[in-house]
Amino acid sequence: MQRRQLVLYGAAGAGVLGLTLFVGWWRVDGPSAPKPAGQRPLPLSAMDFRLTDHEGNEVGPETLIGRPTMVFFGFTYCPDVCPTTLSDISGWLEELGDEAAQINVVFITVDPARDTVEAMAEYVGYFHPVIRGWTGPEDQIARAAEGFRASFERVPTEGGGYTMNHTASVFLFDAEGELVTMIDYHEPREFAVPKIRRALTEDVEGAT
Amino acid sequence: MVKKLRYSNALAVLLTVAGLSAPALAGSEDVVVENAWSRASIGVNRPGAAYLTVRNTGEDAVTLTGLATPLAMMPEIHESKTNSDGVSSMAPAGEITIEPGQSVALEPGGLHAMLMKLQEPMTEGETFPLTLTFSDGGKVTVEIPILGIAARGPEG
Ligand SMILES: [Cu+2]
């Protein structure tokens with residue numbers, strides 16, 4: 001896990017190394033072997049998908065540019081990992097306090113067959129109010145996942161139903177839509193919240 | 001603090017060990033279940049999950065073989081795993097052996113009591129009984145508090 005994080009830092013760094021605002025970070029966290037180019041999430045500006053948020057608004061990657069952004073994939077029929085991720089994120093947002101209002105936080109379903117706009121609305125309503133739920137046609141979800149280099153797969157269960165395997169990392173982008181870093185599933189809050197603050201700080205520095 | 005005390009008291013009172021009278025038991029009478037909690041559900045279509053710690057205070061290893069509850073037709077111990085690519089998946093965990101003096105924690109993102117085919121919604125503030133079955137034939141029933149959907153642990 002540690003090694004993967006270093007690899008991801010490397011990948012994030014490769015894309016934004018030229019930006020002076022990243023230099024401080026680069027010095028602190030250090031360079032490492034770059035991740036194969038095909039595997040790092042694209043900048044939001046290079047993604048292309050059309051989805052609907054839990055209030056029925058048309059949304060896409062461009063909706064997220066202009067503010068720091070947190071994105072993660074999941075599904076509402078997920079009993080363990082997804083509510084845990086959502087409640088972890090809710091906790092991080094609470095810790096950020098007023099700053100949380102400056103961030104886009106988006107939960108994209110990988111199970112649009114069951115996660116309708118209404119289902120997403122009901123579900124996200126139980127978590128921090130900043131969190132938005134996005135759903136849409138399967139092909140658009142697939143395009144979104146491709147942009148984030150996330151994966152998902154439908155897996156039948158014994159009971160005749162199905163569950164979804166999916167990327168559980170949280171993607172963190174700066175206000176320009178460049179990947180800052182990823183927060184691995186179950187990363188302790190001591191690490192997660194500073195990472196989010198870093199994305200926020202970059203936003204501030206970028207504006208000056 | 002008040003809340004915390006309330007839950008641990010509830011557990012202490014409600015925890016019952018069935019089958020104590022059976023002389024053949026080897027181990028499960030020394031099982032203690034702690035920190036039990038679950039999240040409320042939206043309706044009955046989505047599976048629920050419950051969490052707890054099983055502690056073996058005895059001198060013999062015990063093996064947890066299954067679950068039963070009137071709340072769900074298909075309760076099963078599952079394990080969520082996240083691989084090196086960050087992809088999470090979930091599968092039945094099979095039997096779980098707990099060595100003497102050891103404990104096994106069912107916690108978010110790892111082992112969990114997966115409650116499939118819910119018979120009724122899991123409502124915040126209520127409780128439900130969950131029976132743990134062990135290989136020696138012993139059963140331990142624990143009353144599990146249902147917390148909010150966004151709960152992070154036994155304290156909410
Ligand atoms: Cu499960």
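These questions and answers cover the disulfide and the chain interface of a predicted model. Local features need pLDDT of at least 70 and side-chain atom pairs pLDDT 80 or more, while totals for chains, interfaces and linings use all residues. Residues are numbered from 1 along each chain, chains are lettered from A, and side-chain values use heavy atoms, without hydrogens and water.

Biologist: Which cysteine does a disulfide join to A:Cys78?

Modeller: A disulfide is a pair of cysteine sulfur atoms within 2.5 Å. By this rule the count over all chains is 1. With S to S at 2.4 Å, the partner of A:Cys78 is A:Cys82.

Biologist: Is A:Cys82 buried or exposed?

Modeller: Buried means under 20% relative accessible area, exposed over 50%, and partly exposed in between (1.4 Å probe, protein chains only). A:Cys78, at 7%, is buried. A:Cys82 has 4% relative accessibility, so the class is buried.

Biologist: What area is buried between chain B and chain A?

Modeller: Interface size is often given as the accessible area lost when the parts come together. Here that loss is taken with a 1.4 Å probe and summed over both parts. Carbon and sulfur atoms give 55% of the area between chain B and chain A, which is about 2,400 Å².

Biologist: Which residue meets B:Arg152 in a salt bridge?

Modeller: A salt bridge needs a side-chain nitrogen of Lys or Arg within 4 Å of a carboxyl oxygen of Asp or Glu. Between chain B and chain A the count is 1. At 3.6 Å, N to O, the partner of B:Arg152 is A:Glu94.

Definitions and conventions. Buried area = accessible area lost by both parts, 1.4 Å probe.
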